[in-house]
Amino acid sequence: GDGLPLTLNGVVYAKGLGVHAPSEVVLALDGTCSTFLAAIGLDDEVASAGSVDVVVLGDDVVLYDSRAAGGLMTGASATRQVSVDVRGRSEL
């Protein structure tokens with residue numbers, strides 16, 4: 001709602017979810033999905049300020065942790081592509 005498009009390393013995304021830490025987003029999957037895909041990073045408006053660790057949980061099990069997958073992300077970090085198998089999960 002800040003009026004600016006979500007932009008990661010110069011790539012503008014028409015749709016996306018921007019949050020401020022700490023935050024939690026819960027999605028009901030009801031076992032109907034197979035893969036969660038995301039491009040993650042800090043919005044370009046943050047510049048070199050800030051850092052983030054993105055954790056994806058499926059039914060309270062860690063499926064992805066950005067820190068374990070390459071370290072703490074900062075405004076200078078490259079955008080990371082996430083692909084997580086969520087088959088059989090009820091909640092993400």
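Visitor: What do S5 and S6 form, and how many residues lie between them?

Guide: In this predicted model, S5 and S6 form a hairpin with two residues between them, and Asp 59, which sits in the turn, has a positive phi of about 50 degrees.

Visitor: How do you know that strand S5 and strand S6 are joined?

Guide: Pairing requires at least two bridges between two strands, and four bridges join S5, residues 55-58, to S6, residues 61-65, so the two strands count as paired. They run antiparallel, and Val 56 has Tyr 64 in S6 as its bridge partner.

Visitor: Why is the space lined by Leu 8, Ile 40 and Thr 79, among others, called a cavity?

Guide: The term applies because a 1.4 Å probe fits there but cannot get out. The structure holds one cavity of 30 Å³ or more, and the largest cavity has a volume of about 40 Å³. Its lining, which also includes Asn 9, Gly 41 and Asp 44, divides into three nonpolar, six polar and one charged residue.

Visitor: What makes the space of about 1,600 Å³ a pocket?

Guide: A pocket is an open set of points with protein on both sides within 12 Å along at least five of seven lines, and the largest pocket, with about 1,600 Å³ of space, is therefore classed in that way. Of its 44 lining residues, Leu 17, Gly 18, Val 19, Ser 23 and Val 54 lie nearest its centre. Strands S1, S3, S4 and S5 each give two or more residues to this lining, which by class has 26 nonpolar, nine polar and nine charged residues.

Methods:
Residues numbered from 1 in each chain as written. Predicted model: local features only at pLDDT ≥ 70, side-chain atom pairs only at ≥ 80, totals over all residues. Heavy atoms only, no water. 1 Å grid on protein atoms, 1.4 Å probe; cavity = no way out; pocket = protein on both sides within 12 Å on 5 of 7 lines; lining within 4 Å. Points joined across faces, edges and corners; volume = space filled by probe spheres on them. Nonpolar A, V, L, I, M, F, W, Y, C, P; charged D, E, K, R; others polar.
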